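Have the structure open as you read.

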Amino acid sequence: MKLIIRQYLAGLRERNELDAVLPDLLSQMGLTVYSRPGRGTRQDGVDVGAVGSIDGGPEKVYVFSIKSGDLSRKEWDGDTVQSLRPSLNEIIDAYIPNRLPPEHKDKEVVICPTFGGDVQEQVRPQFNGFMTQNAEPGRISFEEWNGDKLANLIQSYFLREDLIGEGSRSDLRKTLALLDEPDTSYEYFASLVRGIDSACTKDEERVRGLRQLSVCLWILFSWSRDAENLECAYRASELALLHGWNICRLFAGKKSKISEAATASFMAIFQVYRQITSAYIAKVAPHLRSEHALSSAVRGGSPIDVNLKLYDLQGRVAIAGIWTLNQLLAVGDESPDRQMLFEEVSAAVNAIDLLIKTNPTLNSPIKDDQAIEIGLAACLLFFNDDGRDVLRSWLPEMLRRIRFAFATNEKYPSILTSYSELMDHPGSNELKYRENVTSAAILYPVIAHVAVILQYDALFQLVSDLQTEFLQHTNFQLWFPDAASEENIYTNKDLHGIALTDIKLQSGSGAFEEMIVAEIAQFPQTFELSCFKSGWWPLILVACRHFRLPVPPKLLQLYVEKPNTEASAISQQGNASD
């Protein structure tokens, strides 16, 4: 296990990676972290500051200057301001005299050069000489925190036997060993996550569990990045994020030291989740403009493989954009990040548009539960007029192709889920077979709901006509969270939610809209979910994607009034979220 952790540490970058792990490690060791990594502010050489006692020794101040990988001659004293020696000089000359918190000025300061690798031999004499020359007994001392020391501390404080059992550590090893088999690798990591979550029964255990999830996810990401295979890491990050919130939600809204620690640890999980999703999207983005490029990259044995993977990809792109949209909604009008976030959300909308235009398989869903990906895409595409135009062109074309598939007995959407059954579908042209595989549907009500929001009566009529002509036997359904959802939506440990069934569209779009509004009023549990109340509503959509739950109508209803501009759309949804 130590070798696994050492390899993970050596691969971490300085910013947003190694400096994201260290504060949780220090907190788990019992130190109080008073300074965390900042961006755009002067740090005078210090990336992390902490105070406390280690191994029963006297209380000291520990300041960390963090570098990635091995400490080479260039990293030690190169031409850039990021070199370690200038940072250590800044700590001695500026930080300790001027920026050390007043309450700690009488304590000994331990300067800790920190890196994920080792000190290379050619720079060892200069490195040791610097520490010897600048040490002042009782006032300033130095400790080298290299990859070996960090690995020992992580193993001791995060993964020791009494904190995480041999079964969980074995799950982590198997996860990493089987990265080239993403489904199997994911199952081992899922076992690890469920084991950590189930062991959290006290507040201290919950904070420790969040930190363990964060570290294990970082390890998985580091290894996945090296292996150039992010599939397991992506799915695992969704699961870790959901289980992380399942633990952290118990602290939501509370003001205490342990609540702050839990929130900080959950944010660490969220940050690595976002880095994994960004790395995944970055692999896809260069190919969006090339027709059939992503479809060809699937390299499947049949068109089914391409269809399944492209819808899955569409959902991932949509979720990434929705998280950025959530950030945009959270910042004030005067925030310097507002324009950047606005452009990123617009770029995500454009990415969905390009994905559809260059991969025609997205016009032809073959599984009814691909309504989930369509719903996710709609949540993002409602952001601006360009996105709404995508919906206006995409969904009518989709319905025309579905109608043709029914008319010619080709691969029309069905409730089948197994790969072998989808390959053989349609297995018969008999009416009984069709009625069995189309006995229920969430796809068509979602499209009808989008039509209502768009005030697009022609699109609604296409869905209604499809129901009349081919699907009179089909139980059209919409799904709403219920009282049991708060305990189950983040872990999928039990059934929850309630379905509005037997929906008929022939009474028109107005009656359909009134029915949805009435059901939302009768079952308002979406509003009561802890993540919704805390401003983390995209977690609901992550759970829908990961556990294959329909997108709740409320998350589309956030846009029920058509805005005239992008800015009013942002303002309107922000008010709805409040």
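## Ground rules

This is a predicted model, so local features need pLDDT of at least 70 and side-chain atom pairs count only at pLDDT 80 or more, while totals for chains, interfaces and linings use all residues. Residues are numbered from 1 along each chain as its sequence is written, and side-chain values use heavy atoms, with hydrogens and water left out.

Helices (H or I, at least four residues) and strands (E, at least two) are DSSP runs numbered from the N terminus.

## The second largest pocket

The second largest pocket has a volume of about 630 Å³. On a 1 Å grid over the protein atoms alone, a pocket is an open set of points where a 1.4 Å probe fits, with protein on both sides within 12 Å along at least five of seven lines; lining residues have an atom within 4 Å of a point. Points are joined across faces, edges and corners, and the volume is the space filled by probe spheres set on them.

There are 23 lining residues, and Asp-183, Arg-235, Asp-312, Arg-316 and Arg-548 lie nearest the centre. Two or more residues each come from α8 (182-198), α10 (231-248), α13 (303-330) and α25 (538-547), with α13 giving the largest share at six. By class, the lining has 13 charged, six nonpolar and four polar residues. Here Ala, Val, Leu, Ile, Met, Phe, Trp, Tyr, Cys and Pro count as nonpolar, Asp, Glu, Lys and Arg as charged, and the others, Gly among them, as polar.

## α13 and its partners

The axes of α13 and α25 come within 10 Å and cross at roughly 170°. Axes are lines fitted to C-alpha atoms, for helices over the stretch in contact, and angles run from 0 to 180 degrees between N-to-C directions. That angle is why the two helices α13 and α25 are roughly antiparallel; the cut-offs are under 35 degrees for roughly parallel, over 145 for roughly antiparallel, 65 to 115 for roughly perpendicular, and oblique for the rest. Asp-312 and Arg-316 of α13 are among the contact residues, as are Leu-541 and Arg-545 of α25, where contact means heavy atoms within 4.5 Å. The α13–α25 contact has seven nonpolar, two polar and three charged residues.

With α15 (residues 371-381), α13 packs at about 30°, axes 8 Å apart, and the two are therefore roughly parallel. The crossing of α13 and α15 is left-handed (the near helix is turned anticlockwise from the far one by less than a right angle; clockwise would be right-handed). Asp-312 turns up in this contact too, and α15 residues meeting α13 include Glu-373 and Leu-380. The classes for α13 with α15 are nine nonpolar, three polar and two charged.

## α1 against α6

Helix α1 (residues 2-11) and helix α6 (residues 147-157) have axes that come within 9 Å and cross at roughly 125°. That makes the pair oblique, and the crossing is right-handed.

## Two loops

Which peptide bond is cis? The one from His-425 to Pro-426, with omega near -5°. Pro-426 sits in the loop between α17 (419-424) and α18 (431-437).

Asp-55, a residue other than glycine, has a positive phi near 55°. Asp-55 is in the loop between β2 (48-52) and β3 (60-67).
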